[in-house]
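These are my notebook entries on a structure that I opened today. I wrote down what I looked up, in the order in which I looked.

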Amino acid sequence: MKEKSPYLIQNNRLYFVQDGEKRDLGGAIYVDRYVTNVDTGEVSVHVYFYDNGAKVTKVLARDEITPQKIVGLTKYGADCWKEVSDLYAEHLREQISDMERNFEHSDVGWGEYQGNEFFKLHQATGLPSIYKGDRYNLKPKGSHEAWKGMVKSEVLGNRWLECALACGFTAPLVKIIKEEANMDSLFINFYGVSSTGKTLATRLAVSPFGLPDTRKNGLLLTWYGTDQGILHHLRGNFGVPMVIDDTSMQETDKDFTQFIYLIAGGQEKLAMTSHGTKRDRSEWITTVFSSSEVSILQNTDKRGGIRVRFFEISEKLTKNAENAEAIEKVVLKNYGHAGPMYIDYLFRLGSEEIADRWYDIKQELVKKMGSDQFSNRIAGKLAVIQLAGELANEALDLGLDISKLRDSLLYLEAKSVQTRNKEEEAYRHIMEYFSRNRSKFFRDASELVNKKVIVGKYMQRGGKISEIRIPKEEFEKILKYGKFDPDSTASKWKEKGWLIHDNGKNTLTRVFQPGMPRMAMYAFKVLDISDVEVNQSEQLAEKKLETVAKEAEEKDNEHFYNQQQADEYFKKTRKLKKKPKKRGKFSINKMTNPQEMPTIDEF
């Protein structure tokens, strides 16, 4: 049986009762809530007291409920002076022992507590937890009915606004798919001239989850700040979409390559503390939007892998100014309702069914897409968007046109293919350099006499230029100037048979100039550039007419993804009735036999 407490509260005064005598200690301090933060594991005690008739609320860490530390409350008006602080501390502990534990969270999206999975918004689904972070405004405002009515009247029928809204609903799905197929965060940029609706599209996309604005801790950030400052807002985000608005606020000619890889990869760079130990790296996996007036990809290096991690949409997004104004007016006053309803539906479906449906959609998209070394992974990301649209319809009865959404995604992929295979573009870049700077190249020693600057040399066969050789450092400098990655480009050229090289290397070591020692240089065949361009056009036409089987294993310089292992995993754990079709190779550029490669006339 619990002993009777020696403490008594009357008229907001705390008394200590002993041997029938009542000692007045001072103003009472009440424990309001006893809380565990499910993200940090820290336990806090929420207390309140009255000072001059006004209620004062404070939060103490559990280890601060000691005589020495609670004295600090006196500066806010509490009466727990040093001479009685031991009694106040004891009374607070007594109150704690009788209280039910509450929960709060400081991160957002998917989480786990004591083996149970839950999803964290303003209020969590799957655990009675409240958001107490200071980065996001997730508290619902207005009504779901007003928001849904706007979608019905202003969004439906506009394929790109429907696409933007579906993209917003991908954020909670990405982590589910990551555990099945090594999915990165989605990073999507809307770009175009002013008044095309790009910022409005991002507001619409995030409005189901929280305040779609840059003010008051909304889900829109601006590019005005450091990369680390932006990444700080993403840490601990496992399923709530975010926006980084207006790249014009960044410095001119900023190279976004590394930043895109960081966002998509979902983890900060490894760093050391001032004490020489490893600093904890923040993580996230979600969907991130951005907006800009020009393509961000223009300010990246030309590695094809970056186009797997970063999507751009440059379409006219809103019908007119009235359409944009009507949407903005509603989403700024009605937000944060659809997201929790959508999450409830995901819980009812379960992760396995969601992953199975994603896999089926992916396989269907693969059949409709052309084939290069990136297509399989891109199909997986496009499948997340289509699945998000389907699930949003089921959960919220939105009426998004899934057939048009699929066509829109395939259209974006077809556009991307034209610029994704950067080895051809790099080749044209270096041949254009050769054409403009012909005077800096020589054929034999007789041409060296009057040349002040020498970049490379060329060889002729049958009166036509057949080969160009450029020292390694110069070659890399030329490619980097065009924002191409030299190692990746050389490897791709080698695969296509365009390089002349020593065994086991990408370079050729020979005497470059008479009287000079042997040196490493890149030597490559001279091709008919127009034929390279024709092959791209033919491939785009072919992919509309035929189903292309996929390669079981694909690899790029930055990422390796074994589709065969994924297929085996699904066959074993999901018991698929249909086996994936065997995949075959399909080359965008069919000129892989060096003997068949044409030459161009001398410039």
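I began with Lys 367, which forms a salt bridge with Glu 364, the closest N and O atoms being 3.5 Å apart; the term stands for a side-chain nitrogen of Lys or Arg within 4 Å of a carboxyl oxygen of Asp or Glu. Lys 367 and Glu 364 are three residues apart in helix H11, so about one helical turn separates them. I note that helices (H or I, at least four residues) and strands (E, at least two) are DSSP runs, numbered from the N terminus. Lys 367 counts as partly exposed at 32% relative accessibility, and Glu 364 is also partly exposed, with a relative accessible area of 41%. For these words I keep to the cut-offs of under 20% relative accessible area for buried, over 50% for exposed and partly exposed in between, with a 1.4 Å probe and protein chains only.

Before going on I noted that this is a predicted model, in which local features need pLDDT of at least 70 and side-chain atom pairs count only at pLDDT 80 or more, while totals for chains, interfaces and linings use all residues. Residues are numbered from 1 along each chain as its sequence is written, and side-chain values use heavy atoms, with hydrogens and water left out.

Entry on the other salt bridges. The count comes to 19 salt bridges by this rule. I looked up Arg 357, whose salt bridge with Glu 394 has its closest N and O atoms 2.7 Å apart. This pair links distant parts of the chain, since Arg 357 is in helix H11 (residues 351–368) and Glu 394 is in helix H12 (residues 375–396), 37 residues apart. Glu 394 is partly exposed, with a relative accessible area of 37%.

In helix H16 (residues 486–496) I found Lys 492 and Glu 495 three residues apart, and so separated by about one helical turn; they form a salt bridge in which the closest N and O atoms are 4.0 Å apart. Are the two partners buried or exposed? Lys 492 is buried, with a relative accessible area of 16%, whereas Glu 495 is exposed, with 58%.

Entry on aromatic rings. How many aromatic pairs does a search of the whole structure find? The search finds 24 of them, where rings of Phe, Tyr and Trp (its six-membered ring) pair if their centres lie within 6.5 Å, and planes under 30 degrees apart count as stacked, over 60 as edge-to-face and the rest as tilted. Tyr 427 and Phe 524 form an edge-to-face pair, at 6.3 Å centre to centre with 80° between the planes. Tyr 427 lies in helix H14 (residues 422–436) and Phe 524 in strand E22 (residues 518–525), so this pair ties together parts 97 residues apart in sequence. Both Tyr 427 and Phe 524 are buried.

I then turned to Phe 434 and Tyr 458, whose ring centres are 6.0 Å apart and whose planes stand at 75°, so this pair is edge-to-face. Phe 434 lies in helix H14 and Tyr 458 in strand E18 (residues 456–461), so parts 24 residues apart in sequence are tied together. Phe 434 counts as buried at 1% relative accessibility, and Tyr 458 counts as buried at 4%. Arg 438 lies over the face of Tyr 458, at 4.8 Å from the ring centre; for this the NZ of Lys or CZ of Arg must be within 6 Å of the ring centre and within 35 degrees of the ring normal. Lys 55 lies over the face of Tyr 48, at 4.2 Å from the ring centre. Ring pairs also link Tyr 427, Phe 475, Trp 493, Trp 498, Tyr 522 and Phe 524 into a cluster.

Three strands form an open sheet with antiparallel pairing, in the order E1-E2-E3, and two strands pair if DSSP finds at least two bridges between them. Strand E1 (7–10) and strand E3 (21–27) stand at the edges with a single partner strand each, so one side of each is left without a neighbour in the sheet. Six bridges join strand E2 (residues 13–18) to E3, and Leu 14 stands opposite Gly 26 in E3.

Asn 11 is in the loop between E1 and E2 and has a positive phi of about 50° although it is not a glycine. Asn 11 counts as exposed at 77% relative accessibility. Asp 397, in the loop between H12 and helix H13 (402–420), has a positive phi of about 55° and is not a glycine either.
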